[in-house]
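Student: Before we look at the model, could you show me how to read a fold step by step, giving the general idea and then the case at hand?

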Amino acid sequence: DPRLIPMPTRNLSELIAGLSCCGVFVGTDGGAMHLAVATHCYVVALFEKRPEKIGHWYPWATEHKIIQGSRPAIESIGPRVVAQAAREFFRKTPRC
């Protein structure tokens, strides 16, 4: 697998700059996910098990995979499922 790089950022400008260097974004539903979509990353989005959120807030403008756990909490999503979804996108992008 390609190297995974965590990117802690202090502000919005740093976050956007970091995302612009990514080929694949893995993260929860939120502002960073939507910014990743805007930078045309492949997106692996972790969502709470709430259909109304997915139907309204999914990353519609880019190729993506949505992962939900068996319970409403994000913590119910297993790391193997996330890793498998990310690997599929790693194979597709030249940036990784």
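Tutor: Let us start with strand pairing, where two strands count as paired if DSSP finds at least two bridges between them. Here β2 and strand β3 (residues 64–68) run parallel and are joined by five bridges, and within this pairing isoleucine 66 of β3 is the bridge partner of alanine 45. The chain passes from β2 through α3 to β3 in a β-α-β crossover that is right-handed, a term used if, with the strands pointing away from the viewer, the path from the first strand over the helix to the second runs clockwise. The element names are those of DSSP runs numbered from the N terminus, helices being H or I with at least four residues and strands E with at least two.

Student: What should I keep in mind about the model itself?

Tutor: It is a predicted model, in which local features need pLDDT of at least 70 and side-chain atom pairs count only at pLDDT 80 or more, whereas totals for chains, interfaces and linings use all residues. Residues are numbered from 1 along each chain as its sequence is written, and side-chain values use heavy atoms, with hydrogens and water left out.

Student: Which strand pairs with β1, and in which sense?

Tutor: β1 pairs with β2 in the parallel sense, over five bridges, and tyrosine 42 in β2 is the bridge partner of valine 24. Together β1, α2 and β2 form a right-handed β-α-β unit.

Student: How many residues of β2 are buried?

Tutor: Buried means under 20% relative accessible area, exposed over 50%, and partly exposed in between, with a 1.4 Å probe and protein chains only. Six of the six residues of β2 are buried, and both of its faces are covered, with Tyr42, Val44 and Leu46 on one side and Val43, Ala45 and Phe47 on the other.

Student: Where do the buried residues of α2 lie around the helix axis?

Tutor: For a helix one takes the arc of the directions from the helix axis to the C-beta atoms. In α2 the buried residues are Met33, Ala36 and Val37; they fall within an arc of 100° when seen down the axis, so they line one face of the helix. Gly31 and Ala38, on the other side of α2, are exposed. The cover over the buried residues includes α1 (12–20), β1, β2 (42–47) and α3 (51–57).

Student: Which residues make up the largest nonpolar core?

Tutor: A nonpolar core is a set of buried Ala, Val, Leu, Ile, Met, Phe, Trp, Tyr and Cys residues joined through side-chain atoms within 4.5 Å. The largest one here has twelve residues: Leu15, Leu19, Cys22, Phe25, Met33, Ala36, Val37, Cys41, Val43, Ala45, Phe47 and Ile54. At least two residues of this core come from each of α1, α2 and β2. Another core, of eleven residues, lies apart from it and has Val24, Ile77, Ala86 and Phe89 among its members.

Student: Why does aspartate 29 count as buried?

Tutor: Aspartate 29, in the loop between β1 (24–28) and α2 (31–38), counts as buried because its relative accessibility is 19%. Its side chain is joined to that of lysine 53 by a polar contact of 3.0 Å, that is, a pair of N or O atoms within 3.5 Å, where within protein one must be able to donate a hydrogen and the other to accept it, and residues adjacent in sequence count only if both atoms are side-chain atoms. Glycine 30, in the loop between β1 and α2, is partly exposed at a relative accessible area of 26%.

Definitions and conventions: Contact means heavy atoms within 4.5 Å.
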